[in-house]
Amino acid sequence: MFDKVLQDIYTESKLQPKIGEIANYIPELANVNPDKFGIYLTSISGEEFGIGDVHERFSIQSVSKALSVALAYSLLGEKIWERVGVEPSGNPFNSLVQLEYEKGIPRNPFINAGALVIADMLITELKNPKEDFLGFIRNCSGIADINFDYKVAQSEKDTGFRNAALANFLKSFGNINNDVDEVLDFYFHQCSIAMSCSELTKTFFFFANQGLTSSGELILNQSQVKRMNALMQTCGFYDESGEFTYRVGLPGKSGVGGGIVALLPKQFIVSTWSPRLNSNGNSELGMYALEQLTTKTGMSIF
Ligand code: DON
């Protein structure tokens with residue numbers, strides 16, 4: 001069934017008007033062909049379907065935040081929620097305003113401020129933070145050569161003044177324990193990780209499989225996975241999380257590299273890549289394709 005559905009979605013998506021702009025506030029991301037497009041689905045029973053540019057790696061950017069939160073949650077448990085909330089922010093991913101009147105506690109771990117706090121937790125907990133985080137992702141996916149894109153990380157370091165402001169602001173509230181530059185360095189590297197649509201579905205397998213990777217390793221317990229998926233549903237697309245829920249009806253996470261991962265617990269994980277972004281920083285065509293997927297199959301969490 002998925003074969004035919006994905007084929008139809010691909011054909012229809014290719015006919016859509018080219019709306020949206022490639023992210024260029026990180027200069028290195030602007031070098032990507034904006035018309036790349038792929039959709040890949042891995043089912044929990046082990047079937048795989050893909051069409052388009054599904055094996056080409058791209059910068060996963062904020063998609064990595066779901067993975068950093070999962071690792072911090074597995075290491076620290078419920079304690080992580082003392083320093084970061086679980087509410088949608090209703091603001092852009094890189095917004096500063098809320099942080100001041102909410103006294104340095106980011107609304108959720110997926111906005112940049114929240115992800116910086118999670119990065120700080122990981123730096124404290126891990127012996128070799130960047131290498132260990134990469135190791136975690138390689139372990140979840142079973143893919144040994146997943147790596148940082150050092151050019152992208154450097155490009156964001158050179159231009160990431162807003163994230164630097166957020167990290168310093170968090171530090172002024174006492175919600176960053178490590179050196180600000182070390183936190184930013186970790187965060188820029190985690191965002192730079194390069195993966196393909198196919199690889200993303202394998203990495204996110206455990207979110208749809210009650211916490212177990214495809215090789216049977218337990219990453220999170222059932223309650224933690226439920227909570228992570230709830231967070232992706234309510235906060236995974238920033239100030240467009242309501243719209244994504246309304247149109248697609250799946251928990252997921254987006255990134256400004258144009259990637260989206262979404263999943264239906266106990267059924268499948270799906271990933272799209274199209275670098276043209278809407279004004280909320282989410283992939284325009286990716287959202288369209290996922291809306292078509294849940295509409296055509298009738299498979300969503302609602
Ligand atoms: O911090 C940033 O601005 C980027 N490294 C990540 C932002 C992002 O991917 C937002 N998602 N759609």
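Mentor: Two residues are in contact if their C-beta atoms, placed from the backbone, lie within 7 Å. Tyr238 is our case: leaving out residues up to four places away in sequence, it touches Ser89, Pro92, Phe93, Ile111, Asn280 and Gly281. Please note that this is a predicted model, in which local features need pLDDT of at least 70, side-chain atom pairs count only at pLDDT 80 or more, and totals for chains, interfaces and linings use all residues. Residues are numbered from 1 along each chain as its sequence is written.

Trainee: Is Tyr238 buried or exposed?

Mentor: A residue is buried if 20 or more other C-beta atoms lie within 10 Å of its own C-beta, exposed if 12 or fewer do, and partly exposed in between; these atoms, too, are placed from the backbone. Tyr238 is buried because 24 other C-beta atoms lie within 10 Å. By contrast, Lys103 is exposed, since it has 9 other C-beta atoms within 10 Å.

Trainee: In which loop is Tyr238 found?

Mentor: Helices (H or I, at least four residues) and strands (E, at least two) are DSSP runs, numbered from the N terminus. Tyr238 lies in the loop between helix H11 (222-235) and helix H12 (241-247). Lys103 belongs to the loop between helix H3 (97-101) and H4.

Trainee: At which residues does UniProt place the feature "binding site"?

Mentor: UniProt positions are given in the numbering used here, feature names are shortened, and annotations may be inferred rather than shown by experiment. The unreviewed UniProt entry places this feature at Ser62, Asn112, Glu156, Asn163, Tyr187, Tyr238 and Val256. Asn112 has its place in helix H4 and is buried, because 23 other C-beta atoms lie within 10 Å. Not counting residues up to four places away in sequence, Asn112 touches Phe93, Asn94, Asn163 and Leu166.

Trainee: Which residues come nearest to the ligand?

Mentor: A residue is near a molecule or strand if its C-beta atom, placed from the backbone, lies within 6 Å of it. There are 13 residues around the ligand, and Gln61, Ser62, Cys191, Val256 and Gly281 come nearest. For classes, Ala, Val, Leu, Ile, Met, Phe, Trp, Tyr, Cys and Pro count as nonpolar, Asp, Glu, Lys and Arg as charged, and the others, Gly among them, as polar. The shell around the ligand has three nonpolar, nine polar and one charged residues.

Trainee: What is the phi of Gln61?

Mentor: Gln61 has a positive phi of about 45° although it is not a glycine. Gln61 sits in the loop between strand E3 (58-59) and helix H2 (63-76), and it is buried because 25 other C-beta atoms lie within 10 Å.

Trainee: Which strands pair with E7?

Mentor: Two strands pair if DSSP finds at least two bridges between them. E6 and strand E7 (residues 268-273) pair in the antiparallel sense over six bridges. Strand E1 (residues 38-43) is also joined to E7 by six bridges, again antiparallel. Three bridges join E6 to strand E5 (residues 252-254), and these two run antiparallel as well. As examples, Ile260 stands opposite Thr272 in E7, and Gly38 stands opposite Trp273.

Trainee: How many residues of E6 are buried, and which way do they point?

Mentor: In a regular strand the side chains alternate between the two faces of the sheet. In E6 (residues 259-264), six of its six residues are buried: Gly259, Val261 and Leu263 point one way, and Ile260, Ala262 and Leu264 the other. In E7, Phe268, Val270 and Thr272 on one side and Ile269, Ser271 and Trp273 on the other are all buried.

Trainee: Which residues touch the most other members of the largest nonpolar core?

Mentor: In soluble globular proteins, nonpolar side chains tend to be buried together. A nonpolar core is a set of buried Ala, Val, Leu, Ile, Met, Phe, Trp, Tyr and Cys residues joined through C-beta atoms within 7 Å. The largest one here has 89 residues, of which Leu116, Leu263 and Val270 touch the most other members. Helix H4 (residues 112-125) gives this core its largest share, nine residues. Leaving aside neighbours within four places in sequence, the contacts of Val270 include Ile39, Leu41, Ala262 and Leu263.
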